[in-house]
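Work through the exercises below with the model open. Try each task before reading its solution.

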Amino acid sequence: ADEKTPAICDFRSAPNAAEHEQFVRDAVGLMLKQAVFRATDRRSPVLNWKSPEQLQAAFDFKLNHSATTHGHLLQLIEDTIEHSVKTGHPYFINQLFSSVDPYGLIGQWLTDALNPSVYTFEVAPVMTIMEETVLTEMRKFLGYPDGKGDGIFCPGGSIANGYAINCARYHAFPEVKTKGMHGLPRLVVYTSVDAHYSIKKLCAFEGIGSDNLYLINTDAKGKMDVAHLRRQIQKTLEENAVPIMVSATAGTTVLGAFDPIEEIARVCQEYGIWLHVDAAWGGGALVSKKHRHLLTGIHRADSVTWNPHKMLTAPQQCSTFLTKHEHVLTDSNSSCAQYLFQKDKFYDTSYDTGDKHIQCGRRADVFKFWFMWKAKGTDGLEAHVNENFDNAKYFTQKIRNRVGFELVLDEPEYTNITFWYVPPSLRGRQNEPDFKNKLHKVAPKIKERMMKEGTMMITYQPVNDLPNFFRLVLQNSSLTTADMDYFVDEIERLGSD
Ligand code: ABU
């Protein structure tokens with residue numbers, strides 16, 4: 001083999017190293033042009049809608065026995081971009097993630113080029129130290145003294161919440177690691193009715209049982225009702241079951257509400273219950289001196305979920321689980337595989353951090369976020385968050401005064417703004433018996449129209465007995481007030497009948 005040419009792995013004999021190199025350059029150029037720059041241009045559509053059947057017919061999904069050409073592969077890249085939703089587009093405000101951060105993107109691409117697995121220092125030296133550095137800085141934002149404690153990057157906020165349940169259970173009953181749930185009393189977890197569905201899923205997955213997740217009422221602003229929490233804890237004790245964890249939410253998925261952490265912490269302290277805060281979405285407010293008061297009391301939490309891929313716009317995915325307990329992750333999860341975590345290595349093996357995770361092979365989600373943080377500084381992250389709050393305020397004020405728009409929460413706390421759009425044909429008919437049913441159908445119809453035209457993407461949902469309403473989510477700080485105006489005008493245009 002020619003030692004000077006890159007040894008890119010390919011079983012086929014036909015293409016040579018120069019052809020591989022050209023292919024990689026062409027593919028990257030294509031991605032930059034179509035998936036980054038065109039996909040974030042306001043003049044381009046957010047999506048080109050095709051039904052599943054139309055997409056099956058239009059796209060070459062089939063896998064074949066024989067190899068295909070580089071030309072065809074480049075065409076497939078182009079087709080994939082063409083038929084994908086451009087989640088980096090300024091008019092994609094559908095989910096709790098959006099936008100393309102240039103530093104995050106390059107961080108993601110470098111991570112993939114290096115392809116490390118962050119379990120041992122020997123294969124991921126830079127990423128290992130970077131993880132500990134970033135996690136410590138994030139714990140400082142929580143208010144843990146000197147950022148002490150432990151933490152991990154994990155695949156999504158749901159899994160981070162699952163780590164919290166496991167740590168809380170281990171903390172109360174360490175024997176669960178070896179003996180399992182056998183012999184343990186019935187354990188109970190608490191979260192609000194507006195909390196993320198992962199708490200329920202993970203209670204089921206980890207053997208707590210979804211019936212043992214006690215749902216706590218919320219008030220008119222979507223915040224946990226602490227008096228109800230107290231009553232549910234009392235009920236648990238009367239049932240001879242054991243309360244193990246309260247999961248408060250900082251930034252609920254739909255309404256963006258912040259549970260009163262300080263008050264909940266007092267209850268947890270009184271009863272000796274692990275306090276977890278799911279700040280996957282709302283954690284971003286911690287970097288803003290102006291808005292971090294929303295999470296007052298978070299320093300008292302035993303653990304926290306915080307996803308930099310949400311408000312801080314690191315590329316998917318970038319989720320963290322943080323805890324003030326220095327040993328609980330290792331104690332509850334370690335299994336000491338001899339083929340990875342040999343104790344007789346020639347370096348300090350405390351840097352082999354992989355055993356505190358339940359994953360083995362693990363992507364280095366830290367680099368993109370560390371790189372963004374380096375590029376912008378903490379001040380830049382703060383300015384980004386403040387800009388989103390400002391846009392949210394502008395949008396809220398705008399629709400408050402606009403005929404046909406009605407806010408669900410009059411004063412949203414975060415950058416989720418929830419609202420109904422009442423089209424001209426329904427205005428003035430609020431007192432008619434079928435008004436609610438008719439309004440329930442408005443948001444799905446407008447959503448269908450916007451997706452078929454590709455002009456924007458915003459989500460909708462019902463909550464309890466409230467008919468479907470829109471949820472606008474802001475975390476792309478490159479948006480302007482003109483974009484806010486566009487969203488209002490476009491919904492009005494699509495729902496003008
Ligand atoms: N974990 C995020 C929930 C999905 C969304 O509303 O964007």
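Helices (H or I, at least four residues) and strands (E, at least two) are DSSP runs, numbered from the N terminus. Residue numbers start from 1 along each chain as its sequence is written. The model is predicted: local features need pLDDT of at least 70, side-chain atom pairs count only at pLDDT 80 or more, and totals for chains, interfaces and linings use all residues.

**Exercise 1. Backbone exceptions**

Task: Locate N115 and describe its phi.

Solution. Start with the place: N115 sits in the loop between α4 (102–114) and α5. Then read the torsion. Phi of N115 is near 50°, a positive value in a residue other than glycine.

Task: Which residues does the cis peptide bond join?

Solution. The bond links Q316 and Q317, with omega about -15°.

**Exercise 2. Helix pairs**

Two packed helices are described by the angle between their axes and the distance between the axes. Axes are lines fitted to C-alpha atoms, for helices over the stretch in contact, and angles run from 0 to 180 degrees between N-to-C directions.

Task: Describe how α1 packs with α3.

Solution. Step one, geometry. The axes of α1 (residues 17–37) and α3 (residues 70–83) come within 10 Å and cross at roughly 20°. Step two, class. Angles under 35 degrees count as roughly parallel, over 145 as roughly antiparallel, 65 to 115 as roughly perpendicular and the rest as oblique. Therefore α1 and α3 are roughly parallel to each other. Step three, hand. A crossing is left-handed if the near helix is turned anticlockwise from the far one by less than a right angle, and right-handed if clockwise. α1 passes α3 in a right-handed crossing. Step four, contacts (C-beta atoms, placed from the backbone, within 7 Å). E19, F23, D26, A27, L30, M31, Q34 and A35 of α1 meet H70, L74, I77, E78 and I81 of α3. Ala, Val, Leu, Ile, Met, Phe, Trp, Tyr, Cys and Pro count as nonpolar, Asp, Glu, Lys and Arg as charged, and the others, Gly among them, as polar. The contact of α1 with α3 has 8 nonpolar, 2 polar and 3 charged residues.

Task: At what angle do the axes of α5 and α12 cross?

Solution. The axes of α5 (residues 125–142) and α12 (residues 366–400) cross at roughly 60° and come within 10 Å. The two helices are therefore oblique to each other. α5 passes α12 in a left-handed crossing. M127, M130, E131 and V134 of α5 make the contact with V366, F367, F369 and W370 of α12. By class, this contact has 7 nonpolar, no polar and 1 charged residues.

**Exercise 3. Ligand and domains**

Task: Which residues are around the ligand?

Solution. Apply the cut-off: a residue is near a molecule or strand if its C-beta atom, placed from the backbone, lies within 6 Å of it. The residues around the ligand are Q95, L96, G157, H196 and T253. Sorted by class, this shell has 1 nonpolar, 4 polar and no charged residues.

Task: What distance separates the centres of domain 1 and domain 2?

Solution. First, the bounds, which come from an automatic or database domain assignment. Domain 1 covers 20–86 and domain 2 covers 116–364. Taken over C-alpha atoms, their centres are 38 Å apart.

Definitions and conventions. Contact = placed C-beta atoms within 7 Å.
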